[in-house]
Structure formats: C-alpha cells, structure tokens
Amino acid sequence: MTTPIATEEVLLPYEWPGSYFIGEEEIENVTKVLLARSPYRYYGHDLQHFADKVEDFYRKRLGRKYATLVNSGTGALSVAMAAADVGPGDEVLMPGYFWVACVSAVVRAGGIPRLVEIDDTFTMDPDDLERKISPRTKAVLLVHMSGACGDVERIVEICRKHSVLLIEDTAQANGASFRGKPLGSFGDMAIYSFQYNKNVTAGEGGLVVCDKDELGNRVFAYHDVGYARNAAGRVDPHGPVQSWGQCVHMSELSAALLYAQVQKLDLITGTMRARNQRLYAGLSKIPGAKPRRIIDPAGDSGPFVIMTWPSGEICAKMVELTRAAGVRPGPDGIGNIRMTDWGMHIYYHNISLVEKHGVNSAGRPWSDPLNEWARDISYAKGALPRMDDLIERSNLITVPPQLSEQTCDRIIEIFHEAAAKVGLK
Ligand SMILES: Cc1ncc(COP(=O)(O)O)c(C=O)c1O
C-alpha cells in the first residue's frame, strides 16, 4: 500500500457546474437581448421573451400550472413565504441542514423557523417532522440538500394528513427526481436557484412554481409590485391581488443566459451523476465507510458525494490526508470538507439564528407578542443531536461535470490509501 504524500496536484475542478457550459448559445441569446435593447422582462422595444420561455420550460418539465422567475433563490423563498401567508404566530418546519436563506425568509416574514432532524439521507427526517408538526405549523420547507432527496413521498403524505402546506427547496437539486417524478413537482410550491454554484446558472436567479390559482396569483403579485399585470405587461391594480410586492423580477439578460443553460440541464446532471456513482461505488468499499443513503440513485442530480465514517476523529483525519494528497479544488473552492465545516448550511453556524437577532432594532420576530410561545426554542449546537453526530462524521466532496473518470479513480485510490493509514480495515 502506498503512503499518501502531500502534493501540489489539485484534483478537483471548481464546483460551479453550469459555468463550464457557458458557450455560443448563451452568448447568442444575451446578444439578442442587447441588440433588441430590451433587457426588462415585461415590455420593451423588441421583447425577446426569454423569461417567458424559461418559465414555459419549467411548467412543462414539472407539470405545473405556474412558474415565476425571480432574481435569486433567496428572493424565491421570500416570495414563497409571502404567498404562503407566513407571519407572526406561525412556525415553518425545516431541516437543520439548509442554507441561511431558508431561515431568513421565515424570519423576515415575521414567523418562527423550527428545526427538524435529518436522517442518513441528509434531508428531513420524516419521523421527527411528524413529531414536531403542531397547530402553529403554517408550512413545511423540505430542503433537497446536496443534489438529491430523502423520503419525499412520506413527507408529502405527512403534510397532507396534517393539512400543512409543503414548500420544496430545490435550489441544490435542479434536474433531480424521485422514482421518475421531478423534484419540485411534489409540494404545493417549490423554489429553485440559478446562482453560480447551482446545476445550471444565470449568475443569479430563482424560480417559484405552484399549481393553485390563489398561490400563483399571490406569487406573481409578491414577486412584482403587489398586483397583477395586463397583457401589455403593465401593472393591473384591478387584478386578483392588491398587496405589497418585493419587485424581485429576473431581467431578460439573465433569462437569456438561463434559457441556453436549461437546455443543458440533463447533460450536466447526467455527467455529474455518472461520476458521483463511480465515486460512491469505489469509496463504499472502504471498511467502515458508509455512503449517503440515496433512495433513488437514478434521480440524484449528482453535484455532491457524502461519506460517513466511524468517528469524527477518523473523518477529520481522512479529510486532512486526502486534501494533502490532492483531493481539493483551487483556493476559492469547497471540494472536500468535513460537513461540520460546511458554513451557513449548518444551523449552529448561523450566529443570527443561534443568538436570535431581530430583523430590526425592536427584535422582530422574536420579540413579537404573537411569537411569545417560541421564547425557549434553542438553535444552538445540540438542538439536533442526530444531525450533529452525522455531520461530525461525514465529509462532502463536490463533483463538477468536468471531473474525469480517471480523476474519480485516482480520488478513490487516495481515499483507500488514507483509510489504510488511519487503520480502517
Ligand atoms: C438550499 C438552498 N436554498 C436557497 C438558496 C438561495 O439561493 P440564492 O443563492 O440564489 O439566493 C441556496 C443557495 O445557495 C440553497 O443552497
């Protein structure tokens, strides 16, 4: 067995999957918008309708009635919370493995985020969800983390049983599915992100999808100025909603780039999935190493591999040795990390949440009398013991589409060498 040695070699390309596919089509589409001098999506000299085309793409792909583009996944979450009527007195249940925007969308709406355990799928544990649903639960935010889902069918069933609105956060799992049905088509609403790290990118961007007219009309109004628009793209104050909008549209420039990217979604996720499965097959042969439980591997969109080790100490050592041997990206990338270090994706790293910072100097939503019941909820490390244990013992590897089969095999070899060094037999 060879000994891993520190190397200057960097084996992992940067994550940012869609960026590698920005080419002729993206340039052509964006150029069309510029030549038409029509970068605003609702009207212009010679509107190219790229935003409409992307929305159509997702409506068809997901079998949804409504799709509304916005300027980020964070914007999409805020619009979804407003459409779901989340406010003071309400709680929104979500897993403790998330992204900071999942919490901030609820807090800014005036509601209270309530954390649910994850299981070995690294997504929401349905048993803990069922235990925690209460009469205050306005919505469940099911976050499909790291490219794939958990037991989404059971979670749908629990939400239906309790008549609670289900919102899917599909930001990290664009193009993923469960038993042939696309993620983003299970809940009452779903959101997407097209930020640079995501499976396809517009640089920045997001989407909200749903089926019910009431939700669709509200999503439109909140993503805009609070009202509907007429066929000419002008604000219609006499439409079905009169409210307060967030004006978080996507511009035609971003939509033009995104329209070219979504044509490549299956190519990008298919390539990542193939590499991801090769890595899982090789890494799972290490004694004591356990791969993330993926219920439907064919539906994994592929951008990450998660492996769990017998102890936190072993996990830390494995990451240290394999990074030293080259399983890392360039200085700005994530690459190969112990999950407890995965920044704002881990509930207890969110200082504003742990210390319950308010959105204003009055301390809202925590100080709101309607949220008095939430005073003793803790968000500090220890709030979710099962998740805490899992992420101490697990490492996450990014799997960009540029990762070659040969590099996957070299990564597997390096992990086997490191395992021998730490005494895994
Ligand atoms: C799970 C999840 N939800 C929401 C978002 C927010 O998306 P954006 O960065 O486009 O605001 C992200 C982005 O990282 C995410 O990972």
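Trainee: How many aromatic pairs does a search of the whole structure find?
Mentor: Keep in mind that this is a predicted model. The search turns up 14 aromatic pairs.
Trainee: Take Y58 and Y192, then. Are their rings stacked, edge-to-face or tilted?
Mentor: Tilted, because the planes are at 45 degrees, with the ring centres 5.3 Å apart. Stacked would need planes under 30 degrees apart, and edge-to-face over 60.
Trainee: And which parts does that pair tie together?
Mentor: Y58 is in helix 2 (residues 50-62) and Y192 in strand 8 (residues 189-193), so the pair links parts 134 residues apart in sequence.
Trainee: OK, switching to the ligand. Where does the ligand sit?
Mentor: In the largest pocket. There are 14 residues around the ligand, and G73, T74, D169, S193 and K198 come nearest.
Trainee: Which helix gives the largest share of that shell?
Mentor: Helix 3 (residues 73-83), with three residues.
Trainee: What do G73 and T74 do at the ligand's oxygen atoms?
Mentor: G73 has a backbone N or O atom 2.7 Å from a ligand oxygen. With T74, a side-chain N or O atom is 2.6 Å from an oxygen atom of the ligand.
Trainee: And how far is Q172 from a ligand oxygen?
Mentor: A polar atom in the Q172 side chain lies 2.9 Å from one.
Trainee: Last one: how much of the ligand does the protein bury?
Mentor: The protein buries 93% of the 380 Å² that the ligand exposes when taken alone.

Conventions: Residues are numbered from 1 along each chain as its sequence is written. This is a predicted model: local features need pLDDT of at least 70, side-chain atom pairs count only at pLDDT 80 or more; totals for chains, interfaces and linings use all residues. Side-chain values use heavy atoms; hydrogens and water are left out. A residue is near a molecule or strand if one of its heavy atoms lies within 4 Å of it. A polar contact is a pair of N or O atoms within 3.5 Å; within protein, one must be able to donate a hydrogen and the other to accept it, and residues adjacent in sequence count only if both atoms are side-chain atoms. Accessible areas come from the Shrake-Rupley method with a 1.4 Å probe; for residues, only the protein chains shown count as cover. On a 1 Å grid over the protein atoms alone, a cavity is a set of points where a 1.4 Å probe fits but cannot get out, and a pocket is an open set with protein on both sides within 12 Å along at least five of seven lines; lining residues have an atom within 4 Å of a point. A molecule sits in a cavity or pocket if more than half of its atoms lie within 2 Å of its grid points. Helices (H or I, at least four residues) and strands (E, at least two) are DSSP runs, numbered from the N terminus. Rings of Phe, Tyr and Trp (its six-membered ring) pair if their centres lie within 6.5 Å; planes under 30 degrees apart count as stacked, over 60 as edge-to-face and the rest as tilted.
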